[in-house]
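Work through the following exercises with the sequence and the model at hand. Each task is followed by a solution in steps.

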Amino acid sequence: MSERNPKAEGTASRAAALKGMAIRQARSFVVLFLYLWVLLGLFVLNQALVERAHGDTVTFQGFAFLNALVLAKVMLVIEELEVARWLRGRPLILVIFYEAAICTLFFLVFHVIERSVIAKFSGHAITASEIEIGGGGLVGALIVSVILFVSLLPFFAFKNVTRAIGADRMRHILFSRHAAAD
């Protein structure tokens with residue numbers, strides 16, 4: 001007859017729980033990263049079109065990749081902090097808008113930090129022109145904020161609706177055949 005070791009079983013169950021949490025976090029990170037990489041990549045392509053019209057032909061998709069990595073981690077941290085916890089029980093649209101607004105704010109802050117670091121490492125003084133958003137000024141920052149906010153809405157809508165109806169039901173809705181409505 002084998003003896004049970006409760007301490008070893010407890011350690012094994014904790015290790016399994018940690019492994020499960022790490023896998024969920026990794027999946028979330030990959031989904032966030034891919035969404036942001038596509039989103040930021042489209043911004044870079046748009047910028048390339050504008051610059052191409054002015055005779056410039058160089059664009060840097062690497063910034064979209066690196067920013068997507070950093071911002072995906074920022075979004076994971078925001079998610080772990082449950083910034084919209086106080087909105088539980090309220091209409092889902094409020095949660096979606098709030099989370100998109102918070103992420104937009106954090107993205108803008110990180111953009112300013114990124115530009116400041118780049119200026120510092122490039123040997124430039126950190127000036128308003130080095131860290132400008134959307135071409136500079138309040139109007140540029142407002143335009144970029146609106147674009148980011150609207151671009152993040154589908155992600156947060158999908159995430160929150162999935163949470164509300166359940167992942168299995170969402171998977172069924174998205175990937176199962178449905179009878180055509182009359």
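**Exercise 1.** Determine where F110 is placed and which residues F110 touches.

*Solution.* Step 1: F110 belongs to helix α3, where helices (H or I, at least four residues) and strands (E, at least two) are DSSP runs numbered from the N terminus. Step 2: With a relative accessibility of 32%, F110 is partly exposed; buried means under 20% relative accessible area, exposed over 50%, and partly exposed in between (1.4 Å probe, protein chains only). Step 3: Leaving aside residues up to four places away in sequence, F110 touches V70, L71 and V74, a contact being heavy atoms within 4.5 Å. Step 4: The C-alpha atoms of F110 and N67 are 9.3 Å apart, although 43 residues separate the two along the chain.

The model is a predicted one, in which local features need pLDDT of at least 70 and side-chain atom pairs count only at pLDDT 80 or more, while totals for chains, interfaces and linings use all residues. Residues are numbered from 1 along each chain as its sequence is written, and side-chain values use heavy atoms, with hydrogens and water left out.

**Exercise 2.** Describe the overall make-up of the protein chain: how many helices and strands are there?

*Solution.* Step 1: The protein chain has five helices and zero strands, in the order α-α-α-α-α along the sequence. Step 2: Of the 182 residues in the protein chain, 24% are buried. Step 3: Consider contacts in the protein chain between residues at least 6 apart in sequence; 65% of these join residues at least 24 apart.

**Exercise 3.** Compare the record with the model: which residues does UniProt list as "transmembrane region"?

*Solution.* Step 1: The unreviewed UniProt entry lists residues 29–48, 60–79, 91–113 and 133–158 under this name. UniProt positions are given in the numbering used here, feature names are shortened, and annotations may be inferred rather than shown by experiment. Step 2: Residues 29–48 are 100% helix and 0% strand in the model, with end C-alpha atoms 27 Å apart. Step 3: Residues 60–79 are 95% helix and 0% strand, and their end C-alpha atoms lie 29 Å apart.

**Exercise 4.** Classify the ring pair of F33 and F65: what are its distance and angle?

*Solution.* Step 1: Rings of Phe, Tyr and Trp (its six-membered ring) pair if their centres lie within 6.5 Å; planes under 30 degrees apart count as stacked, over 60 as edge-to-face and the rest as tilted. By this rule there are eight aromatic pairs. Step 2: The ring centres of F33 and F65 are 5.2 Å apart and the planes stand at 85 degrees, so this pair is edge-to-face. Step 3: The pair joins distant parts of the chain, with F33 in helix α1 (residues 6–53) and F65 in helix α2 (residues 61–81), 32 residues apart. Step 4: F33 is buried at 10% relative accessibility, whereas F65 is partly exposed at 33%. Step 5: Ring pairs also link F29, F33, W37 and F65 into a cluster.

**Exercise 5.** Examine three further residues, L40, T104 and N160: what does each touch?

*Solution.* Step 1: L40, in helix α1, is buried with a relative accessible area of 14%. Not counting residues up to four places away in sequence, L40 touches A64, N67, A68 and L71. Step 2: T104, in helix α3 (residues 92–121), is buried at 5% relative accessibility. With the same exclusion of residues up to four places away, T104 touches S145, L148, F149 and L152. Step 3: N160, in helix α4, is buried at 3% relative accessibility. Beyond residues up to four places away in sequence, N160 touches L92, V95, I96 and E99.
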